[in-house]
Amino acid sequence: MVHLSFAGQDFTIVDRAGLYWPAQRALFVADLHFEKASWYAASGQMLPPYDSAATLDRLEAAIAACGATSLWCLGDNFHDSRGAQRLDRALADRLESLSQRVALHWITGNHDSELDAGFGGQVVDEAVLGGLALRHRAETWAETCAGSSAESHSSAPELSGHFHPRLRVRLRGRMVSRPCFVRCSKRLILPAFGSLTGGMDAGDPAILRVMGDTPQAVVATESKALAFNLQKTADLRG
C-alpha cells in the first residue's frame with residue numbers, strides 16, 4: 001500500500017487499483033464488472049467463468065489489508081443490469097456476508113444503471129462522503145453546467161471510475177502498460193478493479209476532456225506512487 005494525496009486529503013492505494021481513505025475508514029473501488037464472462041457466454045463467446053470469484057477474492061483481500069469499515073463501489077459493479085441475477089448463489093452469499101462486516105454502497109454506472117440487488121448494501125446513483133462527490137463517470141465541463149446540480153458538481157472534489165485508465169509508455173524500446181489513477185485538482189479517476197477489464201490510455205482525449213489543469217497519471221509500485229504529467233507522456237509513448 002502506498003500514499004496518494006488528493007483534494008487536501010491523504011489516501012492509500014491498495015492492490016494497485018483500490019483507494020483507501022483512512023480518515024473515513026472507507027475503501028473505494030471502480031468497475032468491478034462482475035459477471036462479464038457470463039454476459040459474453042450468452043452471445044457465444046466463451047470465456048472462463050471465474051472472473052466474478054477472482055474479483056471478489058481480490059476485493060475481500062483489499063478490505064482485510066486496509067481494515068476498511070465501509071466499501072464504496074463506483075459504478076459498473078456488474079457488467080450489465082441482469083448480472084446480479086446471474087451471480088452464482090455462493091458468491092451472492094459472500095457479498096451478503098461482506099455487507100454484514102462493512103457498510104456496502106453500490107453506485108450505479110452505465111452498465112448496471114438498473115441494478116436493484118444490493119446484496120445487503122445500499123444502491124444509489126451518486127453520493128457525498130466527507131466533502132467528496134462519489135459518482136461513476138466524470139462529466140465534461142459542458143455536461144456539468146447543463147446538469148441540475150451543476151454547482152455542487154463543479155465545487156466538490158470528485159472520485160469516479162468508468163474509463164479504466166492505464167498508463168502506456170515506451171521504456172527501453174518496450175511498451176509498458178499499467179493500471180493508473182488520473183488526477184487533477186478537482187477530480188480523481190480510479191482504474192478498473194475487476195479481474196476481466198481492459199483499459200483506456202490515460203492520455204486519451206475522452207479522459208483529458210473531463211480533467212482540469214495539469215492532469216497526472218499515478219501508478220502504484222511496491223514502495224511508492226509515481227506521477228506522470230499526461231501533457232508530457234506523448235514522447236514516452238512514441
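**Helix 2**

I started with the buried residues of helix 2 in this predicted model. I found Asp51, Ser52, Thr55, Leu56, Arg58, Leu59, Ala62, Ile63 and Cys66 buried there. I then checked how they sit around the axis. They cover an arc of only 160°, which puts them on the same side of helix 2. The general rule is that an α-helix has 3.6 residues a turn, so residues three or four places apart point the same way.

Next I looked up the span. Helix 2 runs over residues 51-66, 16 residues in total. From first C-alpha to last I read 23 Å, close to the 22 Å expected at 1.5 Å a residue. Just after helix 2 comes glycine 67, with a positive phi of about 75°.

**Leucine 56**

Is leucine 56 buried or exposed? Its relative accessible area is 1%, so I noted leucine 56 as buried, the cut-off being under 20%. Which residues does leucine 56 contact, leaving aside its neighbours within four places in sequence? I listed Phe34, Leu91, Arg94 and Leu95. I also took one C-alpha distance. Leucine 56 and leucine 98 are 42 residues apart along the chain, and their C-alpha atoms are separated by 10.0 Å.

**Helix 4**

Leu91 and Leu95, both contacts of leucine 56, are among the buried residues of helix 4. So I turned to helix 4, residues 89-101. Helix 4 has 13 residues and reaches 19 Å from its first C-alpha to its last, close to the expected 18 Å. Its buried residues are Leu91, Ala92, Leu95, Leu98 and Ser99. They cover an arc of only 115° around the axis, which puts them on the same side of helix 4. What do the buried residues of helix 4 pack against? I found helix 2, strand 5 and strand 6. The face turned away from the buried side carries the exposed residues Gln100 and Arg101.

**Aromatic pairs**

I searched the whole structure for aromatic pairs and got six. I looked at the rings of phenylalanine 11 and tryptophan 21. Their centres are 5.2 Å apart and their planes stand at 40°, so the pair is tilted. Phenylalanine 11 lies in strand 2 (residues 9-14) and tryptophan 21 in strand 3 (residues 18-21), so the pair ties together parts ten residues apart in sequence. Both phenylalanine 11 and tryptophan 21 are buried.

Then I took phenylalanine 78 and phenylalanine 119. This pair is stacked, with 6.0 Å centre to centre and 25° between the planes. The pair links distant parts of the chain, 41 residues apart. Phenylalanine 78 is in the loop between strand 5 (70-74) and helix 3 (83-86). Phenylalanine 119 is in the loop between strand 6 (103-107) and strand 7 (122-124). Both phenylalanine 78 and phenylalanine 119 are buried.

Which residues form one aromatic cluster? I noted Phe34, Phe78, Trp106 and Phe119. Phe34 was already on my page as a contact of leucine 56.

I also checked for a charge over a ring. Arginine 58 lies over the face of phenylalanine 193, at 4.2 Å from the ring centre. Arg58 is one of the buried residues of helix 2.

**Positive phi away from glycine**

Arginine 16 has a positive phi of about 70° although it is not a glycine. I placed arginine 16 in the loop between strand 2 and strand 3. Its relative accessibility is 45%, and arginine 16 counts as partly exposed.

Histidine 33 also is not a glycine, and has a positive phi of about 50°. I found histidine 33 in the loop between strand 4 (26-29) and helix 1 (36-42). Histidine 33 is buried, with a relative accessible area of 4%.

**The whole chain**

I closed with totals. I counted eight helices and 17 strands in the protein chain. Of its 238 residues, 50% count as buried. Among contacts between residues at least 6 apart in sequence, 68% join residues at least 24 apart.

**Confidence**

The mean pLDDT of the protein chain is 87, and 87% of its residues reach 70 or more. Where does pLDDT stay under 50? I marked residues 148-153, with six contacts beyond four places in sequence. Over residues 234-238 the pLDDT is below 50 too, and this stretch has nine contacts beyond near neighbours in sequence. Where pLDDT is low, the predicted coordinates should not be read in detail.

Technical notes. Residues numbered from 1 in each chain as written. Predicted model: local features only at pLDDT ≥ 70, side-chain atom pairs only at ≥ 80, totals over all residues. Heavy atoms only, no water. Phe/Tyr/Trp six-rings, centres within 6.5 Å; stacked < 30°, edge-to-face > 60°. Helix = DSSP H or I, 4+ residues; strand = E, 2+ residues; numbered from the N terminus. Buried < 20%, exposed > 50% of the residue type's maximum accessible area, 1.4 Å probe, protein only. Lys NZ or Arg CZ within 6 Å of the ring centre and 35° of its normal. pLDDT = per-residue confidence, 0-100. Contact = heavy atoms within 4.5 Å. Expected span 1.5 Å × (residues − 1). Arc of directions from axis to C-beta.
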